[in-house]
Amino acid sequence: MTTHPTTGESAWWQRIVPSGRGVVIGVPYFWLLLFFLLPFLIVTKISVSEMETVRFKDVLTLKEGLLQLTLKLSNYVFITQDDIYFKTYLASLKYAAVTTALCLAIGYPFAYFMARAKATIQPALLMLVMLPFWTSFLLRVYAWKGLLSENGWVAELLIGLRIDQILFAADLIEAPGKLMNTPFSLVIGMVYTYLPFMILPLYANLAKMDLRLLEAAADLGATPWVAFWKVTVPLSKAGIIAGSMLVFIPCVGEFVIPELLGGPKTLMIGRVLWDEFFSNNDWPLASAVAVVMILLIIVPLAIFNKYQAEATEKRS
Amino acid sequence: MKAPLFGATFNRLFGHGWLGAGYLFLYLPIVALIIYSFNASPLPTVWGGFTLEWYRKLASDREMIAGLWLSLRIAFFTACASVVLGTLAAFALVKYRRFTGRTLFSGMVNAPLVMPEVIIGLSLLLMLVSMQRWLGFPERGMLTIWLGHLLVGLAYATVVIQARLQDMPPSLEEAAMDLGAKPWQVFYLVTLPMIAQALMSAWLLTFTLSLDDVVLSAFLSGPGATTMPLVIFSRARLGLNPSVNAVATVIIVVVTVGVVIASYLIAHAERRRQQEVAAAARANP
């Protein structure tokens, strides 16, 4: 595209002005390197530096003409030795896993029935899933505060049905009748917020499925139940993985939901990071907390990226 | 479906029941939020009669209005920049199957979709602080919040635009190229009109995401740059507050009306385009 049609030589200015391809790839690439990758490297660097009174010390310093490297691993030692961090990381992973499992249990049948609904009403059903997703997430989480507080609609219903007794027996709430600021209210809020993220990839996957495969399975003698588990579920594997990662990874580091619904006793690592940063002003420690969190989610993140890339390769 | 799971009637009832319960779960909080914005009772969860008191107070709530104005400006610039960068990124991923570091590139585009916001916020802030120490800018405020929102907006815009580009048959662009159109002409005359709806969806989505963000804004804002979600969040943290319900209702109504109208227009334009394609095909068999 940059060569002359007849001579095949580039004009002199074309060597200076970047080609269309160069701009298309280069501009977003450079942007992401600068504002996405570089910040992580800086966080890693700060996590091994020492906090001084006003600013943190640089890792590399010039001392008597020599470049010196001071690595302070004390933040990491502190995180591994202090029991509370370990417990908090564990609790965050646990809440994220429970939320993912619940979203899958509610979302899979939901997406399945959506995909098998009449073709004419499917766009409307999809729109109804997307709409809460468009309206403010913060406000929808806040709404649960009202629903689960004393005299709130859902609280009244659950107490009326004596479900609070079961939740209390399962140690999910502190006392019968007190639903807010408990692991229960935290998980409700997270399931509620992330459910559309589970439904949408599952629906996209299930709606594309070739229904003749089920007919073939039936012809070969499979009962509908067997066909569902042996044909439909394996074929929707990509949707299950994409949806699960879309729920699990952000849930691990969630801050707003535990802050509004979890109460002071529910441990989540996102809140610890926030407190180290905003309340204690300990930037290196907050950075170390973030680096450990990235290490925890790096495998799910890689799986997510792989499936996202595969999905785009396949379609084109 | 030829072979229902448990018999047709049960299957249909179960399906309808599940969908109904799911939608109830998704919409119940929104309905409750709206109803209690008209609650006259001082107790936030006890109904005490109808009032417009909270809306009247909202109209003179300077903090909230200043926050809204700032949020709207940031959301506007975020949406515009996200669509431009997202179009480039989507083109790079769809049209160029191989280039150096493509895996890293697609990873960096997709990661902000799931990366916990506390990590993005903290790392971007620390980089901007380092940058400020070296270069003397940028000051924390509207610009830095915009940079953070743009990072997430770029990821969402790319996903939306990429999906549209992949469904587009390459034959049309190839035909235009064969007829002598230059690359930029192909883009403006063929590609752009075909992806216009996706660009519109991406713009709306990144606009609402930016308008809603708490965590990135909290990390990246400076003194005097308090966005509306930050105002709402600081009040919601302290407990239930009817002023939050009132502002929530206003936002929900505006966004719902906007999204419904936009998706109607998008669907309408899509239908008309398909009719034109069909008519053209009939005219030139």
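Predicted model: local features only at pLDDT ≥ 70, side-chain atom pairs only at ≥ 80, totals over all residues.
Q: OK, chain B. How many helices and strands?
A: Eleven helices and zero strands. Helices here are DSSP runs of H or I with at least four residues, strands are E runs of at least two, and both are numbered from the N terminus.

Q: Is chain B more spread out or more compact than a globule?
A: More spread out than a compact globule, because its radius of gyration is 24 Å, well over the 19 Å that the globule rule gives for 285 residues. That radius is taken over C-alpha atoms, and the rule is 2.2 Å times the number of residues to the power 0.38. Along the principal axes, the C-alpha atoms of chain B fill a box of roughly 70 × 70 × 35 Å.

Q: And how much of chain B is buried?
A: 39% of its 285 residues. Buried means 20 or more other C-beta atoms, placed from the backbone, lie within 10 Å of the residue's own.

Q: Switching topic: how many residues do chains A and B bring to their contact?
A: 86 residues of chain A are in contact with 71 of chain B. Contact means the C-beta atoms, placed from the backbone, lie within 7 Å.

Q: Which part of chain A gives the most there?
A: H2(A), with 18 residues. The chain A side as a whole divides into 63 nonpolar, 14 polar and nine charged residues. Ala, Val, Leu, Ile, Met, Phe, Trp, Tyr, Cys and Pro count as nonpolar, Asp, Glu, Lys and Arg as charged, and the others, Gly among them, as polar.

Q: How does H2(A) sit against H5(B)?
A: H2 (residues 20-47) of chain A and H5 (residues 117-135) of chain B pack at about 85°, with axes 8 Å apart. That makes H2(A) roughly perpendicular to H5(B), a label for angles of 65 to 115 degrees. Axes are lines fitted to C-alpha atoms over the stretch in contact, and angles run from 0 to 180 degrees between N-to-C directions.

Q: Which residues meet there?
A: On H2(A), they include Phe35(A), Leu38(A) and Pro39(A); on H5(B), Leu122(B) and Met127(B) are among them. This contact has eleven nonpolar, two polar and no charged residues.

Methods
Residues numbered from 1 in each chain as written. Chains lettered and ligands numbered in written order. Parallel < 35°, antiparallel > 145°, perpendicular 65-115°, else oblique. Contact = placed C-beta atoms within 7 Å. Buried ≥ 20, exposed ≤ 12 C-beta atoms within 10 Å, placed from the backbone.
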